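Please keep the sequence and the 3D view side by side while going through the points.

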Amino acid sequence: MRWKTPIGSEDELSPAVSDGIVYIGSRDKHVYALDAASGNVRWKTPTPRGWVDSSPAVLDGSLYISSHAHLGGGEFVKHVYALDAATGEVRWKTPASSWVHSSPAASDGMVYVGGGRQVYALDAATGEVRWKTRTDGRVDSSPAVSDGIVYIGSRDKHLYALDAASGDVRWEAPTDGEVSTSPVVCNRVVYIGSSFCVYAFEVG
């Protein structure tokens, strides 16, 4: 073992590693940046009133991550954050209308994430919502972006291919069960798991 670094809660999240730093969110309502060589904490940034259930995405010096919290009485707070990857400073945070369990995907100046029954596209520089596309089920799947298409699963038992610029549905493919896993795109084939099966769909 090279090192181990305790964080403030028991977590089952995947980290992101970029430029010698390991980034991970925690249910202790913080995002951590750890030195990849030593495990030393470079910085930790609070996500006030919101615990982190998603894994981060890193692009062009920014870290994107989502958080949510139940305040009681049916009230929730949900946000997508952009943090400076070097310092942890909050660059922007954008409220979501529903719980966000999905991990963001960042590509070509946009951040894509699922929340509630919707898929959001946010401007990576400002957090402005560019478009929202609704599905018939909760979106816990994390998106994959390839060649101008956002691929994402929904608990309505479908895999969706959305136009990355507009959110328009290019196509949707049925599966035998709810889709909460994240798709992978390779050699113009989309792979995804659902209901004891792995599916492969041709992109074109």
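1. Strand β10 is covered on both faces: M110, Y112 and G114 on one side are all buried, and so are V111, V113 and G115 on the other. Buried here means under 20% relative accessible area, exposed means over 50%, and partly exposed lies in between, with a 1.4 Å probe and protein chains only. Six of the six residues of β10 (residues 110-115) are buried, so the strand is largely enclosed by the rest of the structure. Strands, such as this one, are DSSP runs of E with at least two residues, and helices are runs of H or I with at least four; both are numbered from the N terminus.

2. The model is predicted: local features need pLDDT of at least 70 and side-chain atom pairs count only at pLDDT 80 or more, while totals for chains, interfaces and linings use all residues. Residues are numbered from 1 along each chain as its sequence is written, and side-chain values use heavy atoms, with hydrogens and water left out.

3. Two strands count as paired if DSSP finds at least two bridges between them. A106 has V111 of β10 as its bridge partner. The two strands form a hairpin with two residues between them, and D108 in the turn has a positive phi of about 50°.

4. β10 also pairs with strand β11 (residues 118-123), in the antiparallel sense and over six bridges.

5. Strand β3 (residues 30-35) and strand β4 (residues 41-46) run antiparallel and are joined by five bridges. L34 stands opposite V41 in β4. Five residues lie between these strands, and G39 takes a positive phi near 85°.

6. Which strands form the open sheet, and in what order? There are four, in the order β13-β14-β15-β16, with antiparallel pairing. β13 (144-146) and β16 (169-174) stand at the edges with a single partner strand each, so one side of each has no neighbour in the sheet. Neighbouring strands are turned by 20° against each other on average, direction ignored; the axes are lines fitted to C-alpha atoms, and angles run from 0 to 180 degrees between N-to-C directions.

7. Within that sheet, β15 (residues 158-163) is joined to β16 by five bridges, running antiparallel. L162 stands opposite V169 in β16. The loop between β15 and β16 contains A165, which is exposed with a relative accessible area of 68%. The C-alpha atoms of A165 and M110 are separated by 8.9 Å, although the two residues are 55 apart along the chain.

8. For the protein as a whole, the secondary structure comes to zero helices and 19 strands. Of its 204 residues, 51% count as buried. The radius of gyration, taken over C-alpha atoms, is 17 Å, which agrees with the value near 17 Å for a compact globule of 204 residues; the globule rule is 2.2 Å times the number of residues to the power 0.38. The C-alpha atoms fill a box of roughly 45 × 45 × 35 Å along the principal axes.
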